[in-house]
Amino acid sequence: MTTTTASAGPEERTVGKSSPGAARGPRRRTGRIRRIGLPYLLLLPALALELLVHLVPMVIGIVMSFKELTQFYIRDWGTAPWTGIDNYRMSVDFDAPVGRALLDSFLITCGFTVLSVGLCWFVGTAAAICMQDAFRGRGLLRALFLVPYALPVYAAVITWAFMFQHDNGLVNHVLHDQLGLTDKPSFWLIGDNSFVALLVVSVWKGWPFAFLIVMAGLQNIPKDLYEAAALDGAGVWQQIRRITLPSLRPVNQVLILVLFLWTFNDFNTPYVLFGKAAPAAADLISIHIYQSSFVTWNFGTGSAMSVLLLLFLLVVTGVYLLLTSRGRRSTHA
């Protein structure tokens, strides 16, 4: 009995020593799985919302672009006949009225986007640089600069629509009655001046976002660089050109892309400012697609135009990201 007990004791001790390690292994794996799976679990509500709000309507729109979906099939659009790529052919046939109108709207949108993005970036960057150094009242000015960005879009644009009125608008009152810069009150919401009015509203509500992003980027620039440049005799403009703008390049690359996508796709501003029928001079492509779909009741053609716009934006975004990434690599090299 004594021999048996002595021989069994080491085995039991060996098993007892190995048991915690054997149990610790599954626990570690379980903890690792939980750590890896927790981020995906937290992302599930956002992914589900993205799927319902964006991806599903986008797929439905792509399907609609291959159908002859007019007002005669609106009650049961699934029975609309398939047209293949006829809607796309009609949209890119620039000799036909539909394609020519889409091309004109596309060119107007390109010019409007370039001017709006450029002015938003310039005004926002200039304001952020001016607010870089501390002075009395800087916090109040920063808050005031962000007011156009904080206001609801509809409230801000409706206010501008009243200001651009021909008879009793504030713009004509200042330019014509007070300053005498025009011979007679101008029509800002119709005709060629509508493009200027739309551009003013877009820049007014867009430049505070550029100001906010650039102002955040300026906080990452060390003050020692400016002090060293000042000791070397560099002036303000040289410091901006040699230190500020190169240091803000990564921030500006993202900022310009976001402003481009927002401006090119902007629907709320022209719709609230002009209504369903925008003037020819301010016929942005978002309003043009809306008119093709919901005014003329030709949802198939409107969906094809939307898909073409999506492809254009994807190509421009991809090329832009490729060029900026190559620029960063060459800079680091």
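I looked up burial along H13 and found Ile285, Ser286, Ile287, His288, Ile289, Tyr290, Gln291, Ser292 and Ser293 buried, where buried means under 20% relative accessible area with a 1.4 Å probe and protein chains only. Helices here are DSSP runs of H or I with at least four residues, numbered from the N terminus. Because nine of the eleven residues of H13 are buried, this helix is largely enclosed by the rest of the structure. After H13 I noted Trp297, whose phi is positive, near 60°.

I kept in mind that this is a predicted model, in which local features need pLDDT of at least 70 and side-chain atom pairs count only at pLDDT 80 or more, while totals for chains, interfaces and linings use all residues. Residues are numbered from 1 along each chain as its sequence is written, and side-chain values use heavy atoms, with hydrogens and water left out.

Helices H1 (2–64), H13 (285–295) and H14 (299–332) each supply at least two lining residues.

Last, I checked helix H3 (residues 97–130) against helix H11 (residues 249–264): their axes, lines fitted to C-alpha atoms over the stretch in contact, come within 9 Å and cross at roughly 140°.

Notes: Buried < 20%, exposed > 50% of the residue type's maximum accessible area, 1.4 Å probe, protein only. Axes fitted to C-alpha atoms, helices over the stretch in contact; angles between N-to-C directions.
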